[in-house]
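Here is my note for your first look at this model. Please keep the sequence and the 3D view open while you read.

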Amino acid sequence: MYERPYLKEIRKRVLEKRKFMQVIVGPRQVGKTTMILQLLDQIDIPHTMESADAVINSSSTWISQIWESVRIKMQLEKKNEYLIVFDEIQKIDGWSEIVKQQWDSDTRTKTNIKVVLLGSSRLLIQKGLSESLAGRFEKIYTGHWSFAEMNEAFGWPVDQYVYFGGYPGPAELTGDETRWKKCITDALIETSISKDILMLTRVDKPALLKRLFETGAVYSGQILSFTKILGMLQDAGNTTTLSNYLTLLSESGLLGGIEKYAGDIARRKSSVPKFQVYNSALRT
């Protein structure tokens, strides 16, 4: 199985003396969970991996229960080291406060529990980190797969990569383009917008957010002012609303706006953005 370059750095940090939590963030379907499973197969540290997807009520007590069960297990099995991995941690309400509490408790009692946090919503992960966990974590951003990675893992030539993009999960479906497009739409685009943005962030006009993504994807690589978009979208609100929605799409790894380069920051911020999808599969 192909190993992403990030794995080596993550393994190095996990094997170091306990000092920081490791936070792995990145868009959906870029292999974060698979990479951590590879890591767990390669290390001798006793570990447990838990996913917040399985938590129905998004209760923060779930984190405390997992943590306490690990402490008990360490005592019973006389282990002096343990690793906890929390997947999709941002789905738990108030997760950062509980993680801070448990981490600081282990620090005071010199309990050697190491922690890896995974999350697909970069915006919500960053909010929790900045509010509660300052000075307690290191962050690794895992981006979309590059051409070199898709070429090595699947043998893709450059023209295939340009058209189908860098998502490893649906890569084997490219022989049936209709099926591949449905997978990209349902499992990636719709899930990222519905779960990572609309369910976890206040959005007053969800239909506008979706239309902004669709328009931006079609015009990817082109300069398109928010004022022009206002004329293309019904009930578009104002340019500030669109700018905020574009930030949400960018933090979810879908669509960004590239500002014009200028030495003067005022000119750069006031420039008309060039839309750019983060993965060409989204435009296709």
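1. A term to begin with: buried means under 20% relative accessible area, exposed means over 50%, and partly exposed lies in between (1.4 Å probe, protein chains only). This is a predicted model, where local features need pLDDT of at least 70 and side-chain atom pairs count only at pLDDT 80 or more, while totals for chains, interfaces and linings use all residues. Residues are numbered from 1 along each chain as its sequence is written, and side-chain values use heavy atoms, with hydrogens and water left out.

2. Start with helix 8, residues 177–198. Helices (H or I, at least four residues) and strands (E, at least two) are DSSP runs, numbered from the N terminus. Glu-177 and Lys-181 both sit in helix 8, four residues apart, or about one turn. Their side chains form a salt bridge of 3.2 Å, N to O. A salt bridge is a side-chain nitrogen of Lys or Arg within 4 Å of a carboxyl oxygen of Asp or Glu. Glu-177 counts as partly exposed because its relative accessibility is 29%. Lys-181, at 33%, is partly exposed too.

3. How many salt bridges does the structure hold? There are 12. Side chains of opposite charge can pair when their charged atoms come close. One of the salt bridges joins Glu-149 to Arg-4, with the closest N and O atoms 2.9 Å apart. This pair links distant parts of the chain: Glu-149 is in helix 6 (residues 147–154), Arg-4 is in the segment before helix 1 (6–15), and 145 residues separate them. Both Glu-149 and Arg-4 are buried.

4. Next, look at Glu-81 and Lys-114. Their salt bridge has its closest N and O atoms 2.7 Å apart. Glu-81 is in the loop between helix 3 (61–77) and strand 3, Lys-114 is in strand 4 (residues 113–119), and the two are 33 residues apart. Glu-81 has 21% relative accessibility, so it counts as partly exposed. Lys-114 has 7%, so it counts as buried.

5. Salt bridges can also be linked in a network, as they are for Glu-9, Arg-13 and Glu-138.

6. Now check the backbone. Most residues other than glycine have a negative phi, and most peptide bonds are trans. Gln-29 has a positive phi of about 60°, although it is not a glycine. Gln-29 lies in the loop between strand 1 (21–25) and helix 2 (32–42). Glu-88 also has a positive phi, near 55°. Glu-88 is in the loop between strand 3 and helix 4. Is Glu-88 buried or exposed? Its relative accessibility is 8%, so Glu-88 counts as buried.

7. Gly-94 is in the loop between strand 3 (82–87) and helix 4 (95–109). Gly-94 and Thr-61 are 33 residues apart in sequence, and their C-alpha atoms are 9.8 Å apart in space.

8. Finally, see how helix 3 and helix 4 pack. Their angle is about 20° and their axes are 10 Å apart. Axes are lines fitted to C-alpha atoms, for helices over the stretch in contact, and angles run from 0 to 180 degrees between N-to-C directions. Helix 3 and helix 4 are therefore roughly parallel, a label for angles under 35 degrees. Contact residues (heavy atoms within 4.5 Å) include Trp-67 of helix 3 and Trp-103 of helix 4.

Notes: Parallel < 35°, antiparallel > 145°, perpendicular 65-115°, else oblique.
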